[in-house]
Protein chains: 2
Amino acid sequence: MKATVIVTLKPTVLDPQGMTIQRSVQQLGMANVADIRQGKYFDIDLKDGASKDEVERLAKEVLTNPVIEQYRIVWES
Amino acid sequence: MKATVIVTLKPTVLDPQGMTIQRSVQQLGMANVADIRQGKYFDIDLKDGASKDEVERLAKEVLTNPVIEQYRIVWES
């Protein structure tokens with residue numbers, strides 16, 4: 001089983017990294033980029049018999065800082 | 001228009017960051033996690049009139065290091 005965990009900053013949290021990227025991009029002449037926010041992406045391979053709860057726990061307790069971040073899980077096969 | 005760019009290491013490239021996460025996770029007792037690879041995730045807001053080519057160029061020339069990384073773009077509305 002495979003799962004993908006996507007961790008992003010909560011919408012209310014300022015993203016200085018994304019703002020820096022956006023400024024660079026605008027200086028490069030791509031004026032149509034209104035906003036960029038960066039997140040983290042984890043591709044996870046699971047052994048047979050792994051439960052969805054386990055991945056949920058991994059995402060919630062290890063990969064995400066619940067104060068400023070939110071996560072979502074995408075399941076594959 | 002919105003687009004999401006996901007940048008991951010090429011499959012042949014070693015991912016020390018992912019390996020470190022996996023080791024930590026195993027020490028926490030989640031034995032069913034076989035492999036973790038980390039990537040970057042960019043949520044991009046575009047102004048009206050932005051072209052897909054522009055996002056393609058942004059992903060290819062700015063967000064990705066073509067020597068070790070690959071990207072894919074997911075379009076929303």
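Trainee: Which residues of α1(A) are buried?

Mentor: This is a predicted model, in which local features need pLDDT of at least 70 and side-chain atom pairs count only at pLDDT 80 or more, while totals for chains, interfaces and linings use all residues. Side-chain values use heavy atoms, with hydrogens and water left out, residues are numbered from 1 along each chain as its sequence is written, and chains are lettered from A and ligands numbered from 1 in the order in which they are written. Helices (H or I, at least four residues) and strands (E, at least two) are DSSP runs numbered from the N terminus, and buried means under 20% relative accessible area, exposed over 50% and partly exposed in between (1.4 Å probe, protein chains only). In α1(A), the buried residues are G18(A), I21(A), Q22(A) and V25(A).

Trainee: Which exposed residues does the face of α1(A) turned away from its buried side carry?

Mentor: The buried residues pack against β2 of chain A together with β2 and α2 of chain B, where contact means heavy atoms within 4.5 Å. The face turned away from them carries P16(A), R23(A) and Q27(A).

Trainee: In what order do the strands of the open sheet stand?

Mentor: Two strands pair if DSSP finds at least two bridges between them, and here the pairing is antiparallel. The 6 strands run in the order β3(A)-β1(A)-β2(A)-β2(B)-β1(B)-β3(B).

Trainee: Which strands stand at the edges of that sheet?

Mentor: A strand at the edge has a single partner strand, so one side of it is left without a neighbour in the sheet. This applies to β3 (69-76) of chain A together with β3 (69-76) of chain B.

Trainee: At about what angle does α1(A) run to β2(A)?

Mentor: Axes are lines fitted to C-alpha atoms, for helices over the stretch in contact, and angles run from 0 to 180 degrees between N-to-C directions. α1(A) lies across β2 of chain A together with β2 of chain B, and its angle to β2(A) is about 125°.

Trainee: Is T8(B) buried or exposed?

Mentor: T8(B) lies in strand β1 (residues 2-9) of chain B, and, leaving aside its neighbours within four places in sequence, it is in contact with Y41(A), G39(B), I68(B), E69(B) and Q70(B). Its relative accessibility is 14%, so T8(B) counts as buried.

Trainee: Which residues of α2(B) are exposed on the side away from its buried residues?

Mentor: In α2(B), the buried residues are E54(B), V55(B), L58(B), A59(B) and L63(B). Their arc around the axis is only 135°, which puts them on the same side of α2(B). On the other side, the exposed residues are D53(B), K60(B) and E61(B).

Trainee: What kind of axis relates the two copies?

Mentor: Copies are superposed by least squares on the C-alpha atoms of residues with pLDDT of at least 70 in both. Chain A can be laid on chain B with an RMSD of 0.0 Å by a turn of 180° and a shift of 0.0 Å along the axis. The copies are therefore related as by a two-fold rotation axis.

Methods. Arc of directions from axis to C-beta.
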